[in-house]
Amino acid sequence: MASFSRRDFLRGVGSLAFLPLLRSQPPDLVLYNGIIRTVDSVQPFAQAVAISAGRFVAIGSDHEVLGYGGVATRKFDLSGKTVLPGFIDAHAHPLASGGQHLRMVACDFPTIAQVVGALKARAEKTTTGEWVLGFLYDDSKTEHPVTREELDAAGEGHPVIVYHRGGHIAFVNSLAFRAAGVSETTSDPEGGRFEHDASGHLTGRVADKAVERFRQLIPSQPTPGQDREAVKLIAKMMNAKGITSVGDATTSPADLHAYQAAHAAGELSMRVYCIMVVEALEQMIGAGIQTGLGDEWVRVGGVKQFADGSISERTARLSQPYIGMADYYGLFLSSEEDLYKNGRKAYEAGWQLCTHANGDVAIERVLKVYERIQREIPRKDPRNRIEHCTLVNDSLVQKMRELHVIPVPFSGYVYYHGEKMHFYGPDRLQHMFAMRSFLDAGLRPTDSSDYTASPFDPMMWLQSQVTRTDKQGNRWGINQRITVEEAIQCGTINGAYASYEEDIKGSIAPGKLADLIVLGRDPLREPPSSLASIPLERTMVGGKWVYES
Ligand SMILES: [Zn+2]
């Protein structure tokens with residue numbers, strides 16, 4: 001291993017990169033004896049980095065960088081381990097999921113019995129009549145979707161709601177229906193569905209806008225203290241997987257406050273790009289706020305709108321029906337006119353547009369809106385995003401290239417959600433999570449989990465994108481495979497680009513924020529089929545270790 005890395009370094013470490021201030025001031029910390037893969041084309045490999053005041057100040061060979069150390073410089077031996085820049089999860093729901101981890105029953109079990117058992121245990125400790133809440137449930141990972149009757153048994157005397165980990169559908173029991181005033185004859189709200197079985201009975205499955213009927217009944221307004229607690233918890237959880245920055249894709253003003261409060265209290269151990277919910281747009285514009293305000297810890301991002309539903313819950317709006325669901329194409333969640341109206345208002349006020357669109361027809365709708373807005377209000381560096389951007393075709397990718405749109409696809413889906421792929425089929429999968437198409441077109445796709453929709457696990461993302469193989473060994477759309485190097489770039493520097501922060505993070509280079517991870521094995525020398533098993537040993541954010549295994 002040592003001789004290999006030495007060869008690498010002799011090739012890659014042409015010269016030492018450093019900041020001039022090092023001449024007068026020794027660094028706070030030097031990490032040495034590592035295989036440092038910088039994701040910086042100027043100097044792709046190094047053995048050592050020097051860090052001062054939370055930023056990299058020198059990158060080079062052990063000999064060169066250690067030479068800058070003074071008496072007070074701490075030295076850390078990487079023991080030949082691999083270092084990468086910290087990963088950026090460009091689209092997740094950190095505060096919401098942190099709050100769920102604090103308040104709800106995690107239902108990510110493979111059997112109905114386990115789901116029911118966990119809910120029952122919580123119900124027994126809950127005052128009669130109060131809600132029992134579950135999350136992280138996935139109906140395609142249990143024998144069958146959990147039924148209303150099973151949830152009746154799990155939570156006798158309690159209204160019960162179990163949210164799907166995708167965030168768009170939920171499963172409720174009879175008491176929950178009663179509390180919401182929903183009966184077998186209640187008609188579906190627009191953009192939502194109360195599912196009935198063949199004989200007209202409510203199954204308990206409720207989708208998209210219909211979920212709101214229940215959500216609004218649940219006294220779940222967390223206190224600011226609980227929100228701060230949620231931020232602290234999820235930041236630690238994400239650090240433990242190598243995430244150093246995250247995009248919160250549905251930030252409310254209260255959430256923005258919670259991130260700032262957590263940061264002020266010294267409890268925020270990852271950087272957050274706050275993509276604001278469209279409902280807050282007027283208020284934000286009125287206060288003179290636009291994309292980019294903030295600092296490297298908490299920054300105001302773009303504005304979030306929804307064009308359609310989700311992939312994992314089969315509500316994405318597709319041009320061809322879902323397989324095995326005749327004539328069912330999914331749901332639109334916003335009209336073209338609404339996307340345009342809000343989008344134009346935001347763009348005019350200096351905002352980046354971040355629109356959720358999974359299905360090809362929804363993506364087409366968003367691109368039409370972006371094209372119109374960008375034509376009406378020209379901007380030099382638009383970087384509007386399509387969140388998820390799952391099912392594409394050549395003309396959509398071409399249009400994205402013309403409009404400089406950033407796709408923010410799910411990174412771990414093929415590996416983690418293989419059992420859902422049959423709804424889409426092998427032909428359609430050749431155009432889904434289309435990393436190869438995006439990169440070949442010169443676009444800069446990011447990595448993302450959409451947690452709770454799928455795990456925030458960069459090594460799993462790499463395996464999924466490099467192999468296009470699910471846990472059972474089925475391969476889906478292998479034409480979209482990318483290389484490990486490309487996958488790492490998507491998860492680091494491209495994530496920084498998507499938040500206009502490529503000058504301060506996303507690679508290991510002098511002057512950039514000292515965000516990095518230390519891995520137990522080198523992804524570039526790992527067989528593709530075991531990338532997901534590479535252990536994370538340490539995570540550093542701003543020059544401080546925030547996770548140690
Ligand atoms: Zn999301």
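A residue counts as buried if 20 or more other C-beta atoms lie within 10 Å of its own. The views below show parts of a predicted model.

**View A. Arg-314, a buried residue with positive phi**.
Arg-314 is found in the loop between β18 (298-306) and α11 (336-348). Although Arg-314 is not a glycine, its phi is positive, at about 60 degrees. Most residues other than glycine have a negative phi. Around Arg-314 there are 22 other C-beta atoms within 10 Å, so the residue is classed as buried.

**View B. Phe-433, in the loop between α15 and α16**.
The loop that holds Phe-433 runs between α15 (425-429) and α16. Phe-433 also has a positive phi, of about 45 degrees, without being a glycine. With 28 other C-beta atoms within 10 Å, Phe-433 is therefore buried.

**View C. The cis peptide bond from Tyr-451 to Thr-452**.
Omega of this bond is near 20 degrees. Thr-452 has its place in the loop between α16 (435-440) and α17. Most peptide bonds are trans.

**View D. Packing of helix α17 on helix α18**.
Helix α17 spans residues 458-467 and helix α18 residues 484-491; their axes are 9 Å apart, at an angle of about 135 degrees. The two helices are therefore oblique to each other. The crossing of α17 past α18 is right-handed. On the α17 side, the contact is made by Pro-458, Trp-461, Leu-462, Gln-465 and Val-466. Val-484, Ala-487, Ile-488 and Gly-491 make it on the α18 side. Of the residues in this contact, seven are nonpolar, two are polar and none is charged.

**View E. The open sheet of six strands**.
Pairing in this sheet is mixed, and the strand order is β10-β11-β12-β13-β15-β14. β10 (105-106) and β14 (192-196) are the edge strands, each pairing on one side only. Strands β11 (residues 132-137) and β12 (residues 160-164) run parallel and are joined by four bridges. Tyr-137 has His-164 of β12 as its bridge partner. Helix α4 (residues 112-124) packs on the sheet and touches β10, β11 and β12. The direction of α4 makes about 150 degrees with that of β11.

**View F. Helix α3, mostly covered**.
Seven of the 10 residues of α3 (residues 94-103) are buried. These are Pro-94, Leu-95, Ala-96, Ser-97, Gly-98, Gly-99 and Gln-100. The elements they pack against are β9 (87-92), β11, α8 (224-239), β16 (243-251), α9 (253-264) and β17 (271-277).

Key: Residues numbered from 1 in each chain as written. Predicted model: local features only at pLDDT ≥ 70, side-chain atom pairs only at ≥ 80, totals over all residues. Pairing = 2+ DSSP bridges. Contact = placed C-beta atoms within 7 Å. Axes fitted to C-alpha atoms, helices over the stretch in contact; angles between N-to-C directions. Buried ≥ 20, exposed ≤ 12 C-beta atoms within 10 Å, placed from the backbone. Parallel < 35°, antiparallel > 145°, perpendicular 65-115°, else oblique. Left-handed = near helix turned anticlockwise from the far one by under 90°. Nonpolar A, V, L, I, M, F, W, Y, C, P; charged D, E, K, R; others polar.
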